[in-house]
Amino acid sequence: MNRSSLLNLHVLALAGLLVVAIGCGGSKSLSTKGPHESFELGKAAYDKGKYLKAIELLQAVVYNYPGDPVVDTAQYYLALSYFGDKQYELAEVEFNRLVINYPSSVYFEHALFMKAVASYQASPGHYGLDQTDVHESIKQFEDFIIDNPESELLPDVRRYLLTARTRLARKYYEGGIVYRRMQAYEAAAIYFQKVTDDYTDTEYGPKATFQLADMDFQLRRFDAARKRFEDFQTVFPIHAWVPKARERAIEAAFRGAEAAFKKGDYAAAREKLQAFQSDYPGNGRSKKAEKYLEEISRLSQPKSQSYEADS
């Protein structure tokens, strides 16, 4: 836990001691009310969005009546009050307190879920900033799914899990974009590969896959580019970039054959050109491919045959 969180815990402990002191000899309005009446007042304040007032009242219940049956409910709404007031680190602490101290509570699953949500919300909203809390929330969401396979909260848990994973995916993806603009392709590939390996289920999975293919193309690794663009179409068949990926795959296939021809590797060029004609019949580059094949046939003839033909 970071220094800020520890400081908040100390502040919370101090606040609890103050509440106890008030309950014992200070405010008669709180000390003369029983736990249930105090809880109802706190719950009413929470329902009205008066979170600070709710925190004050609910803390009085939690700290002054630790053995009362209403305490776990008060603890839950105390955590919700901190959450409603956007004090997410304190909310996480209070949800965790319920999880540890009241494992039989009817609010146990909800507290476990909200603890993870609070951890996610406590992180900076911009993907470019430190996302340590997001990593922690992802672990908590994943653990919840494993430990509570029949929970009614699973749809919400999975939605939050995807949201958290998407933020991390964007962090890595945008890092790759930055390195690509700097033409630091090896560094960019590391970031894009991280997204394709670990965050394929997010919206940045297909984008990173496309970027890797496009970098191969720009670096004239045409065979690798073609395969990646074709894989993109297979793995993400309904993605909006599929038409673009198909066109780039066709272009990569032709450019790969053309590059082999220019290098003088006529056997490889013939194989690639024939495959191009077979795989993409009717493509606008077919006539040019045919001319290359004719030129390869001419250049591949023995010199004597070529001389006789010219005579």
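1. Helix 7 passes helix 8 in a left-handed crossing; a crossing has this hand if the near helix is turned anticlockwise from the far one by less than a right angle, and is right-handed if clockwise. The model is predicted: local features need pLDDT of at least 70, side-chain atom pairs count only at pLDDT 80 or more, and totals for chains, interfaces and linings use all residues. Residues are numbered from 1 along each chain as its sequence is written, and side-chain values use heavy atoms, with hydrogens and water left out.

2. Two packed helices are described by the angle between their axes and the distance between the axes. For helix 7 (residues 108-121) and helix 8 (residues 132-147) the angle is about 160 degrees and the axes are 7 Å apart. Axes are lines fitted to C-alpha atoms, for helices over the stretch in contact, and angles run from 0 to 180 degrees between N-to-C directions. Helix 7 and helix 8 are therefore roughly antiparallel; angles over 145 degrees count as that, under 35 as roughly parallel, 65 to 115 as roughly perpendicular and the rest as oblique. Helices (H or I, at least four residues) are DSSP runs, numbered from the N terminus.

3. Residues of helix 7 that meet helix 8 include L112, F113, A116 and Y120. On the side of helix 8, the residues include V134, S137, F141 and F144. Contact means heavy atoms within 4.5 Å.

4. The buried residues of helix 7 are A111, F113, M114, K115, A116, V117, A118, S119 and Y120. Buried means under 20% relative accessible area, exposed over 50%, and partly exposed in between (1.4 Å probe, protein chains only). Helix 5, helix 6, helix 8 and helix 9 are among the elements that cover these residues. At 1.5 Å a residue, the 14 residues of helix 7 should span 20 Å, and its end C-alpha atoms are 20 Å apart, which agrees. The expected span is 1.5 Å times one less than the number of residues.

5. The axes of helix 13 and helix 15 (residues 286-300) come within 11 Å and cross at roughly 25 degrees. That makes the two helices roughly parallel. Their crossing is left-handed. In helix 13, F254, E258, F261 and K262 meet residues of helix 15, including Y292, I296 and L299.

6. T166 lies in helix 9 (residues 154-181). Its relative accessible area is 17%, so T166 is buried. Leaving aside neighbours within four places in sequence, T166 is in contact with T202, E203 and Y204.

7. Most residues other than glycine have a negative phi. K86 is not a glycine, yet has a positive phi of about 65 degrees. K86 sits in the loop between helix 5 (71-84) and helix 6 (88-101), and is exposed at a relative accessible area of 62%. Q183, also not a glycine, has a positive phi of about 60 degrees. Q183 lies in the loop between helix 9 and helix 10 (185-198) and counts as exposed, at 60% relative accessibility.
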